[in-house]
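Please read the following note beside the sequence and the model.

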Amino acid sequence: MVGIYSPSLITDWLVPGRDLFLTIHILGIACFLYIVAKRLVPLIRAERDLRFDRPLTRLGRVLKFWLGQWRHPRYKFAGTIHILIFAGFILLAVRAFSVLIVGVSENFVMPGLSGKAGHIYDIITDYASTVVFLCMLIAAVRRLVFKPARYAVPAKYGKGHTADAVFLLGLIAILMVADSLFSASNVAGHAQRGQSAEALATLSLPWLFQIAFGSMPLATLWVLNVTAYLVHEVTFYFLLCYRPFGIQFHVETSLFSIYFAKLERGALKPVRWGVPDERLDQVKSFGVKTFEDFTWKHMLDFYSCADCSRCADNCPANAAGRPLAPRFLTIKARDYAFQHYPVLGKANNGKSLIGNIYSEDEIWSCTTCGACEEECPLLVEYVDKIVDLRRGMIDDGNVPQSLQKPLKALENRGNPYGKMEKKKADWAKAAEFQRTCSVKILDEDNSARTLYFVDSITSYDDRIQSIGRSTSRILSHIGEDFGILGAAEKDSGHEVRRFGEEMLFMALRDHNTDAIKASGVQRIVTADPHAYNALKHDYKDVPPVEHISQVIAREVRAGNVQFNRVENEDKVYAYHDPCYLGRHNQIYDDPRAVLDAIPGLKRVEMKRSRDRSFCCGGGGLMLFYEPKEEQRMGVLRVRMAAEAGANVIVTACPFCMVNIEDAIKVAGMEGEMSAIDLTELVDQHLVRKVCPEKNVALETVSCGG
Amino acid sequence: MEILVCVRRVPDTSENEIELDATGKDIEREELVYSVNEADNYAVEEALQIRDRVGGNVTVVTVGGEDDEEVLRRELAMGANRAVLISDDAFIASDGRGVATILKDFVQKGNYDLILCGVQADDGAAQIGGMLGAMLDYPFASLVNSITVEEGKLKVSREIEGGNRELNEIDLPCVLSIQTGINEPRYVGMRGIRQVASVPIPTLGASDLGVQKDSVGEAAAKVRREDYFVPALSNGAEMLHGSREENADKVLELVAARGGLK
């Protein structure tokens, strides 16, 4: 890369080139380090976050999500453009350093990049800068002409971000052009002097520039060369120091954000990292109330967000017109952080986040479905932040009236409905049901291998009790020795925890843990994904837990259950992935395998399925919350099923059932669309051996199973 | 401003199934769960909000037994400065007038500018506030749904039939009975209650307050409960099975037939 006359050798300016560029380097780097140090101040004042474990797993994730850009292709066009830019940056990194150093050391060659390797690298970077430049053009056209809807900024969140985005694209484009001009004028200069020069990559930007400007007089070329260098130098450092003021900061922070990203799905962060449950009473304040209550990793997330809006694009709350878009949860926090911790001057007095940065409705609007986290290319976390903000609101007594009643009922009665404990097992005592299946209630006299954890809604809701009965009949049919806890079972507390009421959750968890241990069961089965997630991730020291769909799928694969043919040929089924079965626990295939094992069952996939499933409206306490919204999430979901050509929605979650059945009515689609739980569908189609004299199924205990 | 709020612990009807006991004059209390009476909770919240605006203290008081301490603790967790339990064997089975007498003696021991009660208890007769006001010779306003503090007096609005409201000026000290919906009471979680677990709650008896024992308790009660009824279960709802339009027409017809539409 030796120039016609290296910029470092300029002597006829006010200051020698070497001194000028050395000064720019030092100033640029010092400025960048100062800004970064300022940006780190809040992270140091932040709450603890223990993320230094499992380095190999974390490195693996860096390879996959950072270097491998794993999630980008989920949005094909934007993703491809980003992958190209990212690859270009990675390839150009070494060149960028070399070019900078050439300004102060004329004969510098990056070790390992002399001779043939250097030439190959030059060819690669010629193309890389060309590709990045073209991507900048395409991205700018996309922003200015095509204006994808997801980038729009609703008025309540301030002005649009297009100008800033285009400005950044322009800076990068200038960098690429300057670099290419510098290369082209170098090579052209060598050629004019009759020195041997490496050929530029055909059709690359430097190649084009060489053709355009190569025949200029040597003196002009020299001016072009030095000007290009100076522009490159200044733009590079301007960009470096400008990035920490906006979305481009992710260039620096994304590596760390992804390395330190959360590893466990479905689990929630503790109230305070490093504080065990029994010492929680000593913690003065719960949750996030001011900015410094966030953990350093959550602050890093704010810096890393690239404003791509994929989170908001997938957020059901946003789609339903609730006052929540995950993207702005982050952008607002970052804007506040920059204002609260200015680059010049001291940090000013913090204010409480709720009421100033966020609205209460915004924070209660989230169903914790996890669609945002599933989509974010930078693995930004949202559910933990929402829950932490709710913990803060609960701690301040700031809870909507609609949620206070069920929370109090949970405290008093162990279920959000305020129903009597002694009626918890009434669903299993209905005479009609008992004729076909008897359910043991586990106590001192009755034990079983498997616990069926029913949870509140299935125990008490008239419609949902049917899921409990179907689940029991299925467990009986496959010969499972099972029982229920009855009055001793309290709500799993899954939503209690996700609504921020940690202490109440702990009381429920401790009660249930004791009851489960006392029952002596070896495993737990549940048909409620929320209970499943709680038992799996929120409880400790309880036997292994499975969702009923996993149990049925295993029996199907083992050939232990057979299904009758679907009677109505006109029915087309679509499986709706419940958030806490799918996204949070990755159970996508088992329910589908069960459906596909039913002969004659026609199944279609909705456009949004599996990890892009669309939340039905939320479970547990979310059923009590009265959101401000334009329409119900469930209605949107039911329409998606209709669009896919389905007329039956199969769910595997009691809350999905409530929301979807309601939505079918609200959408006026009764008669055209129906909903059924996986267990109900299986129960209807099981091939049963019939006990001849009583004409009841064999699983009835009285028939001697 | 020194504010006193009179609260009661009641079985919350939304969390209990009320059944008659063997005598048929009272309810089965074996499996009941109790809460602060809803309207009283609104009164406490209002008192806290007034205190936070103009300064002063909020005291909560209840007449009852040891079990009733839990509601006082909940109100302390909400933010009340002080709680007092009034309990004495002599007070058992007092009628409304008896309870008002006890509270009157308690109020006279203190120095309160404003006394709030809930509009009525879930199992009550909405009588304490009025009687207490009369016994103290304080002005009384019932069904209050907003309070503005002014110098030596309050502006209170009252809910009256048909959703109408009236605005009154009332001199301090006074007694008000608070309507639900006047505010949005803050949430009290388990953590809040644990944090006030060790705050002492003094118990005062007849001799502490100077209550004349013959004016309270069962012997002095002039109202005695004769019988108790729980609503009989009706035959259930009438289900409409037509199309949406037909059902809508039918509902209109039914509502109109029962005088629901004018």
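1. What covers the buried residues of helix 23 of chain A? The cover includes helix 19 (465-477), strand 4 (523-526), strand 5 (545-547), helix 24 (589-596) and helix 27 (678-685) of chain A. Helices (H or I, at least four residues) and strands (E, at least two) are DSSP runs, numbered from the N terminus. A residue is buried if 20 or more other C-beta atoms lie within 10 Å of its own, exposed if 12 or fewer, and partly exposed in between, with C-beta atoms placed from the backbone.

2. This is a predicted model, in which local features need pLDDT of at least 70 and side-chain atom pairs count only at pLDDT 80 or more, while totals for chains, interfaces and linings use all residues. Residues are numbered from 1 along each chain as its sequence is written, and chains are lettered from A and ligands numbered from 1 in the order in which they are written.

3. Helix 23 of chain A is largely enclosed by the rest of the structure, because seven of its 10 residues (548-557) are buried. The buried residues are Ile548(A), Ser549(A), Gln550(A), Val551(A), Ile552(A), Ala553(A) and Val556(A). Just after this helix, Gly559(A) has a positive phi of about 75°.

4. The domain assignment, which is automatic or taken from a database, divides chain A into domain 1 (16-47 + 259-398), domain 2 (73-245), domain 3 (417-557) and domain 4 (572-691). Taken over C-alpha atoms, the centres of domain 2 and domain 3 of chain A are 61 Å apart.

5. Chain B contains eight helices and 11 strands. Of its 262 residues, 37% are buried.

6. Between the chains, 24 residues of chain A are in contact with 15 residues of chain B; contact requires C-beta atoms, placed from the backbone, within 7 Å. On the side of chain A that touches chain B, helix 16 of chain A gives the largest share, nine residues.

7. Not counting residues up to four places away in sequence, Val5(B) touches Asp40(B), Ala43(B), Val44(B), Ala47(B), Val58(B), Val60(B) and Leu116(B).

How values were computed. Contact = placed C-beta atoms within 7 Å.
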